[in-house]
Amino acid sequence: MGMMRMLIQSMEGRILLLLMAPFAWTVAAVGSKYAPARTKEADKILSLSAPLKADADKVLGYKKDALQTFPHFSIDTAVLYVAGNRGYKFFKI
């Protein structure tokens, strides 16, 4: 069986994509950003050593919203930045 996907809209209007393994109570809330390979934004992504505060705060907000609806879930949080075909940065929060 594959991953289940669930879209949730919070009272604050945020929309979150939750990824769940079937029959598991562990969920991942992941924020992501994409930049084309040949841009300054891609260069910035590849130079990051930690997630940007605004992005981390957004994902933590997703977690807070999801826990109001599903308080029995264990939710991992992360931010994924993709720099075209040049690489990516993944930060667990």
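Is Phe90 buried, partly exposed or exposed, and at what relative accessibility? I looked this up first: Phe90 counts as partly exposed, at 44% relative accessibility. I note the cut-offs here: buried is under 20% relative accessible area, exposed is over 50%, and partly exposed is in between (1.4 Å probe, protein chains only).

**Basis.** I worked from a predicted model, in which local features need pLDDT of at least 70 and side-chain atom pairs count only at pLDDT 80 or more, whereas totals for chains, interfaces and linings use all residues. Residues are numbered from 1 along each chain as its sequence is written, and side-chain values use heavy atoms, with hydrogens and water left out.

**Surface around Phe90.** I placed Phe90 in strand β5 (residues 87-92); strands (E, at least two residues) and helices (H or I, at least four) are DSSP runs numbered from the N terminus. Together with Val30 and Tyr88, Phe90 makes a nonpolar surface patch of about 320 Å². Such patches take residues with over 30% relative accessible area and no salt bridge, nonpolar side chains (Val, Leu, Ile, Met, Phe, Trp, Tyr) being joined within 5 Å and like charges within 9 Å. The areas come from the Shrake-Rupley method with a 1.4 Å probe, and for residues only the protein chains shown count as cover.

**Cores.** I then listed the largest nonpolar core and found 10 residues: Ala35, Ala42, Ile45, Leu48, Val59, Tyr62, Val79, Tyr81, Ala83 and Phe91. A core here is a set of buried Ala, Val, Leu, Ile, Met, Phe, Trp, Tyr and Cys residues joined through side-chain atoms within 4.5 Å. Helix α1 (40-47), helix α2 (53-69) and strand β4 (74-83) each supply at least two of its residues. The largest share, 3 residues, comes from β4. A second, separate core has 6 residues, among them Ala29, Ala66, Phe70 and Phe73.

Thr77 is buried at 4% relative accessible area, and Val79 is buried at 2%. Leaving aside neighbours within four places in sequence, Val79 is in contact (heavy atoms within 4.5 Å) with residues including Gly31, Asp55, Val59 and Phe91. Between Val79 and Ala29 I noted 8.6 Å, C-alpha to C-alpha, across 50 residues of sequence.

**Helix α2.** Its 17 residues should span 24 Å at 1.5 Å a residue, and the end C-alpha atoms are 25 Å apart, which agrees. The expected span is 1.5 Å times one less than the number of residues. Buried residues of α2 include Asp55, Gly61 and Asp65.

**Salt bridges.** I counted 3 in the structure, each defined as a side-chain nitrogen of Lys or Arg within 4 Å of a carboxyl oxygen of Asp or Glu.

- Asp55 and Lys33 meet at 3.2 Å, N to O. The pair links helix α2 to strand β3 (residues 26-35), 22 residues apart. Asp55 is buried at 8%, whereas Lys33 is partly exposed at 35%.
- Asp43 and Arg86 have their closest N and O atoms 2.8 Å apart. Asp43 lies in helix α1 and Arg86 in the loop between β4 and β5, so the pair ties together parts 43 residues apart in sequence.
- Lys53 and Asp57 meet at 2.8 Å, N to O. They are 4 residues apart in helix α2 and therefore separated by about one helical turn. Lys53 is exposed at 60%, and Asp57 is partly exposed at 38%.
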